[in-house]
Amino acid sequence: MPRTDAAARAIADIFAQGTEVLRATLEKRGWPGYRLVSERGSRAAWQIATYCRDSQLQARALELLEKTVRQQDADPLHYALLADRLCLNRGEPQRFGTLYIPTRSGSLTLYRVKDRDRLDDRRHPLGLEPHAEYAQRLRADVTAPSG
């Protein structure tokens, strides 16, 4: 089904509403963790924070998400992904090696990483798998036949 201008506007409106709900939730309740909104709700909040265009909201979300992860009430991978997205948006090297950029050939290349030799040292405290395993799994997912 082709995307129409009306459909694109409707999606943008829904996303804008979600962003405002997230902004209010962060202000009143902190990060919406598992105990507050379930794993599904927390993942939805992370998706809004990750893809919104408000860098100040992203930074605040990251700060609150970090606290919630330490309380074991949110997904550490979401923290790493949001932290790296914020670095990408700022033009800085990422910290956790979660972001890959698609190439024209259809493969993936790792976005710049801060102090690559210590990458696994930053991933380990979050309970994340070693970067080599993550990269292998990610590349396998990209090259897996769809169907």
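Setting aside residues up to four places away in sequence, T19 touches I48, C52 and L57, where contact means heavy atoms within 4.5 Å. T19 lies in helix α1 and is buried, with a relative accessible area of 8%. Buried means under 20% relative accessible area, exposed over 50%, and partly exposed in between (1.4 Å probe, protein chains only). The model is predicted: local features need pLDDT of at least 70, side-chain atom pairs count only at pLDDT 80 or more, and totals for chains, interfaces and linings use all residues. Residues are numbered from 1 along each chain as its sequence is written, and side-chain values use heavy atoms, with hydrogens and water left out.

**Overall arrangement**

The protein has 6 helices and 2 strands, and along the sequence these follow the pattern α-α-α-α-β-β-α-α. Helices (H or I, at least four residues) and strands (E, at least two) are DSSP runs, numbered from the N terminus. The C-alpha trace spans about 45 × 40 × 30 Å along its principal axes. Of the 147 residues, 35% count as buried. Among contacts between residues at least 6 apart in sequence, 43% join residues at least 24 apart.

**Helix α1**

Helix α1 covers residues 5-29. Its 25 residues should span 36 Å at 1.5 Å a residue, and its end C-alpha atoms are 35 Å apart, which agrees. The expected span is 1.5 Å times one less than the number of residues. Within α1, G18, T19, L22 and L26 are buried. An α-helix has 3.6 residues a turn, so residues three or four places apart point the same way. The cover over the buried residues of α1 includes α2 and α3 (55-70). Just after α1, G30 adopts a positive phi of about 85 degrees.

**Packing of the helix pairs**

Axes are lines fitted to C-alpha atoms, for helices over the stretch in contact, and angles run from 0 to 180 degrees between N-to-C directions.

| Helix pair | Angle | Axis separation |
|---|---|---|
| α1 and α2 | about 115 degrees | 10 Å |
| α1 and α3 | roughly 45 degrees | within 11 Å |
| α2 and α4 | about 10 degrees | 10 Å |

Helices α1 and α2 (residues 34-51) pack at an angle of about 115 degrees, and their crossing is left-handed. A crossing is left-handed if the near helix is turned anticlockwise from the far one by less than a right angle, and right-handed if clockwise. The contact is formed by F15, G18, T19, L22 and R29 of α1 together with L36, A45, I48, A49 and Y51 of α2. These residues divide into 7 nonpolar, 2 polar and 1 charged. In this classification Ala, Val, Leu, Ile, Met, Phe, Trp, Tyr, Cys and Pro count as nonpolar, Asp, Glu, Lys and Arg as charged, and the others, Gly among them, as polar.

The axes of α1 and α3 cross at roughly 45 degrees, which makes α1 oblique to α3. Angles under 35 degrees count as roughly parallel, over 145 as roughly antiparallel, 65 to 115 as roughly perpendicular and the rest as oblique. This crossing, too, is left-handed. T19, R23 and L26 in α1 meet L57, A61 and L64 in α3, a contact with 4 nonpolar, 1 polar and 1 charged residues.

Helix α2 also packs against α4 (residues 76-90), at an angle of about 10 degrees; α2 is therefore roughly parallel to α4. Here R43, W46, A49, T50 and Y51 in α2 meet H78, L81, L82 and R85 in α4. By class, the contact has 5 nonpolar, 2 polar and 2 charged residues.

**Backbone exceptions and a loop residue**

D115 sits in the loop between β2 (108-110) and α5 (119-123) and is partly exposed, with a relative accessible area of 40%.

L128 belongs to the loop between α5 and α6 (131-143), yet L128 is buried, with a relative accessible area of 13%. Leaving aside neighbours within four places in sequence, L128 is in contact with P76, L77, A80 and R123. L128 and A80 are 48 residues apart in sequence and 8.9 Å apart in space, C-alpha to C-alpha.
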